[in-house]
Number of protein chains: 2
Amino acid sequence: MTASAHQDIKVLAFDIFGTVVDWHGSIAREVEAMGLAVDGDQFALAWRAGYVPAMQRVMSGELGWTLIDDLHRMILDSILADFNISSLDEEQKRHLNKVWHRLAPWPDSVAGLHRLKSAFTICTLSNGNIGLLSNMAKNAGLPWDCILSAEVFRKYKPDPATYLGVSQVFDVKPEQVMLVAAHQSDLDAARACGLKTAYIERPLEHGSKQPKDVSADPRNTFHARSLIELADLLDCQ
Amino acid sequence: MTASAHQDIKVLAFDIFGTVVDWHGSIAREVEAMGLAVDGDQFALAWRAGYVPAMQRVMSGELGWTLIDDLHRMILDSILADFNISSLDEEQKRHLNKVWHRLAPWPDSVAGLHRLKSAFTICTLSNGNIGLLSNMAKNAGLPWDCILSAEVFRKYKPDPATYLGVSQVFDVKPEQVMLVAAHQSDLDAARACGLKTAYIERPLEHGSKQPKDVSADPRNTFHARSLIELADLLDCQ
């Protein structure tokens, strides 16, 4: 956290779901606005809970390479059955599945990213597919210099190929890249590859009923409550 | 060119070198500013002339998958010898090679792209690598929604995988994508994949001594003198 800690950083790579955008609140609101007879909070948590197991089926080789849009749809079909929702037609399911393209940014995200962009190259590094991340950026006004995704590297995080892929794309050393994320496991994997790490507190990522532990881990290069505070710590105007 | 021709277009994919940025003028100016005893016009043309043969070595399998940055460096080393330039050290060669990251936009490009972005998703579709295109966009102020590259698809244009890759990334039909380019061969290949096409006149792409034929081909969906005129034709405010 010294003044010199960031002098050689060139690229900030951002985790997206939970770090930059509020998946829980966005999905809960949209499901409730559709008038479905479900608890939006529980529906959002169930959808997200299917995400890691679905990716593991791809990483184990049980499924071939699959875009997150398609994994989201598999999980959606499963939880619609679990929640006993049979009222949606195919077009409505397709639209609902793309709620992940319409996730709302946290209140500090857009302003923070604009400040960080003035001093660094800012890119996504998400397991979300390129189309999803592009549509989200256009909808939410996220000013990325570049959209990088598991889809580019054909590996999901936390595969080292994703973190090291960022440094290769920009022809910089791993320590010149900093991963910005609200998840310690993601940051741990990036640190193991030589990247710098910034933890962002998102205590309401899982909703107000399930507050997250956001305590600091001293192994991270930076710890901030928001992207605006990160811009402050990195001396961005 | 009827009013309905563009009603269903969702994504504009742009060729970059020559279409959005002026490689010839940018390279000629930079080489001359370095004080090298060469004709900047001839040096720029020689560098660009090595590009297609170098890509063909990759597409034929003679070379493995290679980023354009690395192909540019192979060609640079070759033409430095041809022009009898031996005064550059490794650092100077590395810097000169990245002139492709610093190419200047045509005067209408930035304003035209901003208008087009208001109504369409705008992305690159270039054989340039992602890092090159990202650095160029940041340097020149090109407001892409997404940077797509041969590097994403592991095929160079005119491989169909690149044109169809755009429609797959954005989950739209090929005819909902329009390639915007200053090269008829690129547009021909896109049209063969079902994309719409817009030709942009860049008569000085090869410098004022080698004016290009920019006559209209009626098979293109649109023909414009600039990206601003294209925005007019597409009714973008």
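Two residues are in contact if their C-beta atoms, placed from the backbone, lie within 7 Å. In chain A, residues 24 or more positions apart account for 63% of the contacts with a separation of 6 or more. This is a predicted model, in which local features need pLDDT of at least 70, side-chain atom pairs count only at pLDDT 80 or more, and totals for chains, interfaces and linings use all residues. Residues are numbered from 1 along each chain as its sequence is written, while chains are lettered from A and ligands numbered from 1 in the order in which they are written.

**Chain A**

- Chain A holds 11 helices and eight strands, counted as DSSP runs (helices: H or I, at least four residues; strands: E, at least two) numbered from the N terminus.
- The C-alpha trace of chain A spans about 55 × 35 × 30 Å along its principal axes.
- Of its 237 residues, 44% count as buried, that is, with 20 or more other C-beta atoms, placed from the backbone, within 10 Å of their own.

**Symmetry**

- Chain B is superposed on chain A by a rotation of 180° with 0.0 Å of shift along the axis (RMSD 0.0 Å), using least squares on the C-alpha atoms of residues with pLDDT of at least 70 in both.
- That is the relation of a two-fold axis.
- The C-alpha of Val152(B) is the nearest to the axis in chain B, at 2.7 Å.

**Interface**

- In all, 13 residues of chain B are in contact with 13 residues of chain A.
- On the side of chain B that touches chain A, α7(B) gives the most, with five residues.
- Because 100% of the interface residues of chain B are also interface residues in chain A, the copies meet through the same surface.

Notes: A residue is buried if 20 or more other C-beta atoms lie within 10 Å of its own, exposed if 12 or fewer, and partly exposed in between; C-beta atoms are placed from the backbone.
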